[in-house]
Amino acid sequence: MAALSAWFWNERFWLPHNVTWADLENPAPGVEYPKAGHLFTALPLALGIFVVRILFERFIASPCARSLHIHQGVGRRAQPNAVLEKVFTSITKNPDSRHLDGLSKQLDWEVRKVQRWFRHRRNQDKPSTHTKFCESMWRFTFYLCIFTYGFQFLWQSPWMWDTRHCWYGYPYQAMTSGLYHYYVTELAFYWSLMFSQFTDIKRKDFLIMFIHHLATVSLISFSYVNNMARVGSLVLCVHDASDFLLEAAKMANYAKYQRLCDFLFIVFSVAFFITRLVIYPIWVLNSTMFESWAIVGPYPSWWLFNVLLLVLQVLHIIWSYLIARIAIKAILRGKVGHKESSLVIRSTKCHYTKHHSGWNNAFMLTT
């Protein structure tokens, strides 16, 4: 076990040349450097965030949804049937003609009745619009709050105005309370998302999102332990700037406020393009690739860090293309009505949420 620990925490990988873990053990009085043990604080905090989410959705988001006439609306449920339930859970949720014919003969039902049962059964597992609205309202609230906190914190930080301060004195950079709270809160939030996946209605992308959240947690921890938190805070803020706008657009879509939905989607798209295709490469990548090279110099984890950030930029380009294509297609059809606007949000959610909330937030926190 000791050998494995020594291999994992190899100084030649994690730290610049001529720096050891021992050098970071005894900082000056009143100065604290990041330590892996600090991250355990995120676990009870994640549990607290999870509880807050439950209370928020029940006592704040749910009444808001009802006030917007978004009701629970339980759809028609499939009648209990042990044979069909076993097929549904163990074999297939979408039986082909061969399965349908066999089940029809076995149960002495018409094929259309079997098909209807499977349709109703599939719909049971889909979250209602009320549930999706409450989830989006929770995420909107968190993303807006964490972005506001992060922006206010960075406004007073020298590295926001001169990114070379991300590397001056590295890795001997004190972990301030503001930066620590910013990082640990983000980490706890993604831990809470992992917890909530097991209590929420199970979706098709369960495994993908679980892996994404796990990668996010791992990379936040990596960036903290490696004391790349200053530049990491910049990347966090850049990405948080558009997250809450997407959730706001989804909320408007669920509430059937199409003009507001269209407007918010446009604002989200503009914010996404500016932050991901302009600010991120010019502000962040320039610092991580060139300023850090000049001030600190390359070392193994530095290479990994920059490769992942470059991969993230490639993903930004792909997502921007998808968003632009969806928006242009809707505009070319003429006036964006309910159907087109819904398509925009659903498609963006599919392309953006599945990948962005996992890989995007994961890769961005390698900093």
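Of the 367 residues in this protein, 50% are buried. "Buried" here means under 20% relative accessible area, while exposed means over 50% and partly exposed is in between (1.4 Å probe, protein chains only). Keep in mind that this is a predicted model, where local features need pLDDT of at least 70, side-chain atom pairs count only at pLDDT 80 or more, and totals for chains, interfaces and linings use all residues. Residues are numbered from 1 along each chain as its sequence is written, and side-chain values use heavy atoms, with hydrogens and water left out.

So what is the protein built from? It has 14 helices and zero strands. Both kinds of element are DSSP runs numbered from the N terminus: helices are H or I with at least four residues, strands are E with at least two.

Let's look at one helix, α11, which covers residues 229-254. Its 26 residues reach 37 Å from the first C-alpha to the last, close to the 38 Å expected at 1.5 Å a residue. That expected span is 1.5 Å times one less than the number of residues. At Asp-240, α11 bends by about 25 degrees, where the bend is the angle between axes fitted to the seven residues ending there and the seven starting there. How many of the residues in α11 are buried? The count is 26 of 26. Just after the helix, Lys-256 takes a positive phi of about 65 degrees.

| Residue | Phi | Relative accessible area |
|---|---|---|
| Asp-108 | near 60 degrees | 69%, exposed |
| Asn-227 | about 55 degrees | 6%, buried |

Asp-108 is found between α5 (97-107) and α6 (111-124), and Asn-227 between α10 (206-225) and α11. Another loop, between α8 (158-161) and α9 (177-196), holds Pro-171. A cis peptide bond joins Tyr-170 to Pro-171, with omega about 5 degrees.

Next come the rings. Rings of Phe, Tyr and Trp (its six-membered ring) pair if their centres lie within 6.5 Å; planes under 30 degrees apart count as stacked, over 60 as edge-to-face and the rest as tilted. That rule gives 35 aromatic pairs. Take Trp-9 and Trp-21: their ring centres are 5.9 Å apart and their planes sit at 85 degrees, so this pair is edge-to-face. Trp-9 lies in the loop between α1 (2-8) and α2 (11-14), and Trp-21 in the loop between α2 and α3 (42-67), so the pair ties together parts that are 12 residues apart in sequence. Trp-9 is partly exposed, at 29% relative accessible area.

Some rings have a charge over them, which requires NZ of Lys or CZ of Arg within 6 Å of the ring centre and within 35 degrees of the ring normal. Lys-93 lies over the face of Phe-88, at 5.2 Å from the ring centre, and Lys-113 lies over Trp-109 at 4.3 Å.

A cavity is a set of points on a 1 Å grid over the protein atoms alone where a 1.4 Å probe fits but cannot get out, and lining residues have an atom within 4 Å of a point. Among the residues lining the largest cavity are Trp-21, Pro-171 and Asn-227.

Methods: 1 Å grid on protein atoms, 1.4 Å probe; cavity = no way out; pocket = protein on both sides within 12 Å on 5 of 7 lines; lining within 4 Å.
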